[in-house]
Amino acid sequence: MLDLKYIRANPEKVQEGLSKRNKDISIAPILELDEKRRKLLAEVESLKALQNQKSKEVPKLKKEGKDVTGLMNELKELSDKIKELDSKVKDVEDEIEKILLTIPNIPHESVPVGKDDTENVEVRRWGEVREPDFIIKPHWEIGVNLGILDFERASKVSGSRFTFYRGLGARLERALINFMLDLHIEKHGYTELFPPFLVARKSMIGTGQLPKFEEDAFKTTDDYFLIPTAEVPVTNYHREEILKEEDLPIKYVAYSACFRAEAGAAGKDTRGLIRQHQFNKVELVKFAKPEDSYDELEKLTADAEDVLRELGLPYRVVLLCSGDLGFSSAKTYDIEVWMPSYGRYVEISSCSNFESYQARRANIRFRRKDGKLDYVHTLNGSGLAVGRTLAAILENFQQKDGTVVVPEVLRRYMGTDVIK
């Protein structure tokens, strides 16, 4: 969440930053509540000072043999009043926190101002788009024709937006997971975590999924949530901890299944593997010093891009404008892979710097060498979304005879050069 002290000291700057998100967000209620809280605190401190002063008179009067009944009654009234005001302070602080949890992060100064994804800025492209001499089929047709994807039976078993992977389809999914993990561990120096797929409400609040996006989450009856991404458990791995400066940056890579209700995505990319309720993903998470976090964002994005370069899949990198920025993010690069059947690039990874936004919610700090405590900056990005990568392989490497060539780096995992 945003720092209340920073909001108080820089209200115009904060309001200007939030207005760039092209949403009706006002910090006025927070400022009003903060002013009320400070007045209550001042009143409490004044009464406590008076209480302290009068308490010192009790033994003195007793020593002089005087009646202290009236003074004791006065002290009781002061104590009751202080308790009442303390309760009011707590109520106001709870209300402030409740509002702060619903306010998004402020875009970084390098983020272009824009209303929506039509104003995102392309940063670079890699790879050549194939122009085959046959009609390109979408991945859902290729998968069904090859017998490696079964949408119909998945719909029977679980409903729409679920998939059975069969035979070489299941092996290709598994190969991609292992390849991505091995690449990020062996080449890029990440430490692997295998996280729980269920998390408590506090963890979802820590990374910003709650309370804003509860309708997009799958919730169990006992207030646990199926994770929408490994970002949630891995970021909360260090919740309420104090890290060492010399250990930063900390870099984790984690495979997980991901679960999303996609409540706000009705009718969008509903066919195939692009927008599923359950999908696999390899996630990259970093904890960095504030002064290093934007360099770490560039490195994290490059690490995610490396997966596509190794696979030989054409892609582009896009800098999100302020109006398309995620709720908790200060700056985000989207990596989009070329999908021939769509005739456009499709998001396959979002790489974001959240600065101290998540760290404040999850209370993740580090101790500098001079002893000062500071909040870490958290970053994450998909490295990559596995199902979308599989879909991109099927479409980009399909052959005229209906087979699919397996990218060279996957062949040792697959045990075959061609899916047929």
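**Contacts, strands, rings and helices**

Colleague: Which residues does A261 touch, not counting residues up to four places away in sequence?
Modeller: Contact here means heavy atoms within 4.5 Å. With residues up to four places away in sequence left out, A261 touches E215, D216, A217, F218 and H277.

Colleague: What kind of model is this?
Modeller: Residues are numbered from 1 along each chain as its sequence is written, and side-chain values use heavy atoms, with hydrogens and water left out. Local features need pLDDT of at least 70, side-chain atom pairs count only at pLDDT 80 or more, and totals for chains, interfaces and linings use all residues; this is a predicted model.

Colleague: Where is A261 found?
Modeller: Helices (H or I, at least four residues) and strands (E, at least two) are DSSP runs, numbered from the N terminus. A261 and Q276 are 15 residues apart in sequence, and 8.6 Å apart in space, C-alpha to C-alpha. A261 itself lies in the loop between β9 (250–259) and β10 (278–288).

Colleague: Which residue in β7 stands opposite L198?
Modeller: β5 and β7 (residues 224–226) run antiparallel, joined by 3 bridges. Opposite L198 stands L226.

Colleague: How do the rings of F213 and F327 pair: stacked, tilted or edge-to-face?
Modeller: Rings of Phe, Tyr and Trp (its six-membered ring) pair if their centres lie within 6.5 Å; planes under 30 degrees apart count as stacked, over 60 as edge-to-face and the rest as tilted. The structure holds 11 aromatic pairs. With centres 5.5 Å apart and planes at 90°, the rings of F213 and F327 are therefore edge-to-face.

Colleague: Is F327 buried or exposed?
Modeller: Buried means under 20% relative accessible area, exposed over 50%, partly exposed in between (1.4 Å probe, protein chains only). F213, at 33%, is partly exposed. F327 has 11% relative accessibility, so it counts as buried.

Colleague: Which residue in β16 is the bridge partner of F287?
Modeller: Y252 and F287 are both buried. β10 and β16 pair in the antiparallel sense over 7 bridges. In β16, F287 has as its bridge partner T378.

Colleague: How many residues of β16 are buried?
Modeller: Strand β13 (residues 344–353) pairs with β16 in the antiparallel sense over 3 bridges, and N353 stands opposite L379. β16 (residues 377–385) is mostly covered, with buried residues numbering 9 of its 9.

Colleague: Are α5 and α12 roughly parallel or roughly perpendicular?
Modeller: Axes are lines fitted to C-alpha atoms, for helices over the stretch in contact, and angles run from 0 to 180 degrees between N-to-C directions. Angles under 35 degrees count as roughly parallel, over 145 as roughly antiparallel, 65 to 115 as roughly perpendicular and the rest as oblique. α5 (residues 139–146) and α12 (residues 386–396) pack at about 80°, with axes 9 Å apart. The two helices are therefore roughly perpendicular.

Colleague: How many residues of α12 are buried?
Modeller: α12 is largely enclosed by the rest of the structure, because its buried residues number 11 of the 11.

Definitions and conventions. Two strands pair if DSSP finds at least two bridges between them.
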